[in-house]
Amino acid sequence: MKREELYQIAEDAVREEELCAGEIPAIDLYVDQIINLVSEKLMTGSERYHDRQLTKTMINNYSKDGLITPVKGKKYNKEQIIQILTIYTLKNTLSIGEIKRLLQGAYASEGFDGNTLIELYDRYLDIKRDNRELSREILDTIMDRNQLEVSEEMGFMLTVGALLSLSAFLRQTAQAMIDVKYPVPEVEEEKKDDKREEKKDKEKAKKDKEKEKEKKKKKEEDQLEISEES
């Protein structure tokens with residue numbers, strides 16, 4: 001693979017199209033209308049994103065998890081649609097629990113409301129567009145700094161690994177920022193501790209069962225030996 005080919009691949013890989021606030025109608029929308037809007041926008045971007053469809057199940061789960069402000073009737077207003085799109089965008093990197101803490105933390109801050117979220121969402125999309133250009137620069141920097149050539153098998157593998165490691169480091173940094181500013185509630189921590197203890201108990205019970213099985217097998221073998229000697 002030549003660098004020119006890599007650049008074409010990289011350009012297409014980040015060609016994701018997302019709805020900006022101005023493309024969302026001012027009127028309230030049904031779930032199917034929201035899904036169609038997102039789907040139509042996705043189709044204008046790279047084929048890599050065509051299968052990342054927003055579904056009714058996703059939206060229902062967002063609502064059940066308390067990520068969307070309560071819906072009156074069957075229609076969603078612009079603020080709620082932006083909430084859906086924000087979750088839909090972030091869920092590829094963050095867990096639902098992390099997104100929930102992030103959004104709830106933002107809404108709890110002074111002066112933050114639906115209009116603030118809409119403004120923040122559009123600004124976020126602007127930054128993402130800028131990051132598409134930045135990703136090309138980072139790709140070049142990684143390859144030049146480490147003297148990697150994708151035309152060579154080892155250079156290709158190392159370039160892939162370098163990109164994945166950087167992606168993981170940046171994701172973990174974002175997650176750590178959320179953990180520090182919006183810590184997991186103690187109740188959730190207690191639930192996690194309970195699950196850990198429950199897992200330990202199950203593992204211990206499994207080991208005890210295996211030991212008992214081994215003892216039984218050993219006993220049967222001993223009895224068989226005695227029987228044969230007799």
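Predicted model: local features only at pLDDT ≥ 70, side-chain atom pairs only at ≥ 80, totals over all residues.
Figure 1. The lining is made up of Glu 16, Glu 17, Glu 18, Leu 19, Val 38, Lys 41, Leu 42, Leu 85, Tyr 88, Thr 89 and Tyr 121. At least two of the lining residues come from helix 2, and at least two from helix 4. The volume of the largest cavity is about 90 Å³. The cavities of 30 Å³ or more number 2.

**Figure 2. Lining of the second largest cavity.** The volume here is about 30 Å³. Glu 16, Glu 18, Leu 42, Arg 52, Tyr 88, Thr 89 and Asn 92 line the second largest cavity. By class, 2 of these residues are nonpolar, 2 are polar and 3 are charged.

**Figure 3. The largest nonpolar core.** This core has 33 residues, and the members that touch the most others are Leu 54, Ile 59, Tyr 62 and Ile 84. Two or more residues are contributed by each of helix 2 (31-42), helix 3 (56-64), helix 4 (78-90), helix 5 (96-108) and helix 6 (114-145). Helix 4 gives the largest share, 7 residues. Apart from this core lies another one of 6 residues, including Leu 6, Tyr 7, Leu 148 and Val 150.

**Figure 4. Surroundings of Ile 84.** Which residues are in contact with Ile 84, leaving aside its neighbours within four places in sequence? They are Ile 34, Leu 54, Ile 59, Tyr 62, Ile 68 and Tyr 76. Of these partners, Leu 54, Ile 59 and Tyr 62 are listed together with Ile 84 as the members of the largest nonpolar core that touch the most others.

**Figure 5. Phe 112 in the loop between helix 5 and helix 6.** Is Phe 112 buried or exposed? Its relative accessible area is 15%, so Phe 112 falls under the 20% limit and counts as buried. Leaving aside neighbours within four places in sequence, Phe 112 is in contact with Ala 106, Tyr 107, Leu 117 and Leu 120.

**Figure 6. Gln 147 in the loop between helix 6 and helix 7 (153-181).** The phi angle of Gln 147 is near 55 degrees, which is a positive value in a residue other than glycine. Gln 147 counts as exposed because its relative accessibility, 73%, is over 50%.

**Figure 7. The whole chain, for orientation.** The chain has 8 helices and 2 strands. Starting at the N terminus, the order of elements is α-β-α-α-β-α-α-α-α-α. The C-alpha trace spans about 90 × 55 × 35 Å along its principal axes. The radius of gyration is 26 Å, whereas a compact globule of 230 residues would have one near 17 Å. Of the 230 residues, 28% count as buried. Among contacts between residues at least 6 apart in sequence, 67% join residues at least 24 apart.

Key
Residues numbered from 1 in each chain as written. Heavy atoms only, no water. Core = buried A, V, L, I, M, F, W, Y, C linked by side-chain atoms within 4.5 Å. Buried < 20%, exposed > 50% of the residue type's maximum accessible area, 1.4 Å probe, protein only. Helix = DSSP H or I, 4+ residues; strand = E, 2+ residues; numbered from the N terminus. Contact = heavy atoms within 4.5 Å. 1 Å grid on protein atoms, 1.4 Å probe; cavity = no way out; pocket = protein on both sides within 12 Å on 5 of 7 lines; lining within 4 Å. Points joined across faces, edges and corners; volume = space filled by probe spheres on them. Nonpolar A, V, L, I, M, F, W, Y, C, P; charged D, E, K, R; others polar. Rg over C-alpha atoms; globule rule 2.2 N^0.38 Å.
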